[in-house]
Each structure stands twice: as C-alpha cells, then as structure tokens.
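Student: I would like to go through how the labels on this model are assigned. Where do we start?

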Amino acid sequence: MNNPAHTERDSKLVRRTTVDLVLEALRQRILSGQLRPGAPLRQEALAEELGVSRIPVREAIRRLEAEGLVSVHAHRGAYVCAISAADVVETFELRLQIEPWLFGEAIRAGGGPLDAARTALEASRHADTAEWGRINWRLHETLYLPARRDLAMTVLRQLHDRGDRYLRFQVVNVPLREQAYAEHLALIEHAEKGDVAGAVKALQAHIRVALEQVVEVVAGLTQAPME
C-alpha cells in the first residue's frame with residue numbers, strides 16, 4: 001500500500017528537480033543573449049517548448065526575478081530585465097568589495113590545489129561566449145573556496161551571474177579575451193606564491209578593467225536599436 005506522505009514527498013522532489021532544470025535553461029538563454037533584454041517570458045510557450053508543466057516555469061521565473069534577471073509586472077507578465085549601465089557599475093562595485101577580501105582570506109588560509117584553476121584557465125581560451133561565463137566563474141570559485149565563506153560565495157555567484165550577460169560581449173573581442181587570460185594567469189601565480197598583497201592588487205585591477213570594458217559595451221548596446 002502506498003504511503004500518501006511518501007508519495008507527496010517524492011512528488012515534491014521531482015518538481016524541485018524540474019524547477020532547477022528549467023531555471024538553468026532559462027538562465028542560460030538570458031546570459032547567452034538568446035533571450036534579449038525586454039523579451040517576454042510566455043509561461044505556456046516555454047512550458048511546451050521545455051516539455052514541462054507551467055508550474056516549474058512559473059517558479060523558475062520567480063527565482064530569476066529574485067536574481068535580478070527578470071522583471072514581473074502585474075497583468076503584463078514577465079520580461080528579461082533591460083540592460084543598465086548603472087546596474088553593471090553596482091554589480092562590479094560589489095564585486096570589488098567582496099572578491100579581493102575573499103581572495104586574501106583564501107590565500108591566508110593556505111590556499112588549495114590550483115590545478116583546477118589552471119584547467120579552467122586553459123579551457124577559457126577555446127570556450128564560446130556561452131561557455132566562457134561558466135568557466136570564468138569556475139576559475140574564480142576555485143581561487144576563493146579555501147576561504148570557507150559560504151554566504152559570501154553565494155552572494156558572489158549571483159553577482160557573477162548578473163555580470164555574465166555582459167561579459168559575453170566582452171570575450172567576443174580576441175584582444176580582450178587574451179587580456180583576461182593574462183590577468184587570470186597572474187591571479188593564479190600570486191596565489192601559488194602566497195602573495196596576498198599582490199593578489200589583492202591584481203584582482204582589484206582585473207575587476208576595474210572588466211568594469212570599464214563592460215560599461216563601454218553596454219553603452220553601445222543601449223544606443224543600438226533592438227532587433
């Protein structure tokens with residue numbers, strides 16, 4: 001005989017897994033630019049396309065709203081958030097407050113094996129624009145994890161996701177991609193040497209340069225007509 005409580009619990013687990021899959025699919029479409037700023041998110045159409053019910057789509061949209069990638073308007077529906085230079089500046093300013101501190105703490109804690117960071121660095125050389133953001137986060141995450149600051153890492157992951165939709169335009173430019181490679185390599189080398197001061201200074205410069213480049217790209221996008 002089936003246990004109703006057990007059946008209900010299993011159903012919730014399946015639904016939660018489905019929500020996570022839908023969330024990842026929609027997030028990647030936004031970050032990759034497949035869903036452009038201002039694009040509507042039609043629950044019924046998305047549910048049919050993804051082969052799920054509207055319930056996980058609705059929940060995924062709610063989570064994307066919390067992440068700042070989607071805005072929901074009463075009686076109008078959900079839309080991909082518009083590109084905003086002010087939002088970019090705030091995102092990178094928050095990164096400037098969190099990341100250098102995390103990096104320094106990680107190095108002071110003894111750091112960790114940096115093979116994964118070097119692997120991610122090499123993968124970034126050949127990654128397409130959709131993959132680059134994920135690889136970039138993996139590299140940074142590897143550098144900061146030894147600090148054991150879970151809350152800060154959660155906040156930082158959200159900031160990286162918000163910035164990823166802009167960074168994808170940056171890495172299309174080959175010289176900028178090569179510059180990012182050199183800067184990331186320097187971060188790894190500072191960590192390997194246990195050089196906290198050098199690591200913090202290099203990371204601050206890395207984030208500021210990315211900010212300047214992304215703001216320039218966003219300014220161009222906001223002036224260009226939407227397709």
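Tutor: With accessibility: buried means under 20% relative accessible area, exposed means over 50%, and partly exposed is in between. Keep in mind that this is a predicted model.

Student: Why is R125 called partly exposed?

Tutor: R125 has 47% relative accessibility, so R125 counts as partly exposed. E122, at 38%, also counts as partly exposed.

Student: What makes E122 and R125 a salt bridge?

Tutor: The cut-off is a Lys or Arg side-chain nitrogen within 4 Å of a carboxyl oxygen of Asp or Glu. The closest N and O atoms of E122 and R125 are 3.9 Å apart, so the pair meets the cut-off. Both residues lie in helix α5, three residues apart, about one turn of the helix.

Student: Why is D161 called buried?

Tutor: Its relative accessible area is 13%, and buried means under 20%, so D161 is buried. R27, at 10%, counts as buried too.

Student: How do you know that D161 and R27 form a salt bridge?

Tutor: Their side chains meet at 3.8 Å, N to O, and the limit is 4 Å, so the pair qualifies. D161 lies in helix α7 and R27 in helix α1, so the bridge ties together parts 134 residues apart in sequence.

Student: What makes R63 and E59 a salt bridge?

Tutor: The N to O distance is 3.2 Å, within 4 Å, so R63 and E59 qualify. Both lie in helix α3, four residues apart. R63 has a relative accessible area of 24%, so R63 is partly exposed. E59, at 22%, counts as partly exposed as well.

How values were computed
Residues are numbered from 1 along each chain as its sequence is written. This is a predicted model: local features need pLDDT of at least 70, side-chain atom pairs count only at pLDDT 80 or more; totals for chains, interfaces and linings use all residues. Side-chain values use heavy atoms; hydrogens and water are left out. Helices (H or I, at least four residues) and strands (E, at least two) are DSSP runs, numbered from the N terminus. Buried means under 20% relative accessible area, exposed over 50%, partly exposed in between (1.4 Å probe, protein chains only).
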